[in-house]
Amino acid sequence: MDLPFIILMLVCVASVTATCDEKPRIYKDKSGTLHFSSPNKDKPFVINGINLFESVARAIRCVQTACTHGQYRTDYEKLKGGQCIPCKVCPKNQYRLGCSGSNPGYCQNITSCNNNQIEILKYTQTSDRICGFPPCTINEFEITRPTSTTTRKCKRYRFCTAIEYEIQQPTPTTDRICSNLTICKRTNYQTVPPTLTTDRTCQEHTVCTQDEYETQQPTPTTD
């Protein structure tokens, strides 16, 4: 194995060991001899034929151990890859934050909802409880938004009467709007009946001329 290839291999290994005590590096001393400096600041290993493979092996052991979710890395010093152990376990009234890398995480108290609030989202081992004010019911709309200290105010939707129809649907923050149904005159008849959301349509009765006679009497819904 020639020297340039070995040097290139050592440089590549060094590039993946940034989290050790210091990066491995290649340098020349005053005599021009190449040296490899190990990450834990041990006595340098001379490259020119001395302990090359030991140096490479030490550098490779410096690579981090990859841990899975719910674990963190520990004992990552002195050219060890470290080991993965479970994150910090918190008591029942707390949840865990910040477990990653070499940090085991820490515990935070779970938020308690006040008297006017309800639990919107339940807490987990790694997330807090979310509290909020109860929403308006299905028959209500919001007239005042909640604040950090006051609950929302709700009002019942208006319902159109038998002589009204809906011209605007209700929303979570606006009421229903109704309008009076058209009443056909005595000289009119209904051509289109009303619905909950549309008005009735009326039309004038046909008036027979002097040369005509009535074959069918008008009704409120026929000519």
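Residues are numbered from 1 along each chain as its sequence is written, and side-chain values use heavy atoms, with hydrogens and water left out. The model is predicted: local features need pLDDT of at least 70 and side-chain atom pairs count only at pLDDT 80 or more, while totals for chains, interfaces and linings use all residues.

**Exercise 1.** State how many disulfides the structure has, and characterise the link of C87 and C99.

*Solution.* 
Step 1. A disulfide is a pair of cysteine sulfur atoms within 2.5 Å. By this rule the count is 6 disulfides.
Step 2. One of them joins C87 to C99, with an S to S distance of 1.7 Å. The angle about the S-S bond is -70°, and the link of C87 and C99 is left-handed.
Step 3. C87 lies in the loop between β5 (83–86) and β6 (94–100), and C99 lies in strand β6, so the pair ties together parts that are 12 residues apart in sequence. Strands (E, at least two residues) and helices (H or I, at least four) are DSSP runs, numbered from the N terminus.
Step 4. Buried means under 20% relative accessible area, exposed over 50%, and partly exposed in between (1.4 Å probe, protein chains only). C87 has a relative accessible area of 8% and is buried, whereas C99, with 21%, is partly exposed.

**Exercise 2.** Describe the geometry, location and accessibility of the disulfide of C113 and C131.

*Solution.* 
Step 1. The sulfur atoms of C113 and C131 are 2.0 Å apart. With -85° about the S-S bond, this link is left-handed.
Step 2. C113 is in the loop between β7 (103–109) and β8 (118–121), and C131 is in strand β9 (residues 130–132); the pair links distant parts of the chain, 18 residues apart.
Step 3. C113 is partly exposed at 26% relative accessibility, and C131 is partly exposed at 21%.

**Exercise 3.** Identify the residues of the nonpolar surface patch and the element that gives the most to it.

*Solution.* 
Step 1. I118, I120, L121 and I130 make a nonpolar surface patch of about 340 Å².
Step 2. Strand β8 gives the most to this patch, with 3 residues.
Step 3. L121 lies in strand β8 and is partly exposed, with a relative accessible area of 47%.

**Exercise 4.** Classify the aromatic pair of F141 and Y157.

*Solution.* 
Step 1. The structure holds 1 aromatic pair.
Step 2. The ring centres of F141 and Y157 are 5.5 Å apart and the planes are at 25°, so the pair is stacked.
Step 3. F141 lies in strand β10 (residues 140–144) and Y157 in the loop between β11 and β12, so the pair ties together parts that are 16 residues apart in sequence. Both F141 and Y157 are buried.

Accessible areas come from the Shrake-Rupley method with a 1.4 Å probe; for residues, only the protein chains shown count as cover. Rings of Phe, Tyr and Trp (its six-membered ring) pair if their centres lie within 6.5 Å; planes under 30 degrees apart count as stacked, over 60 as edge-to-face and the rest as tilted.

Conventions. Patches are made of residues with over 30% relative accessible area and no salt bridge: like charges are joined within 9 Å, nonpolar side chains (Val, Leu, Ile, Met, Phe, Trp, Tyr) within 5 Å. A salt bridge is a side-chain nitrogen of Lys or Arg within 4 Å of a carboxyl oxygen of Asp or Glu.
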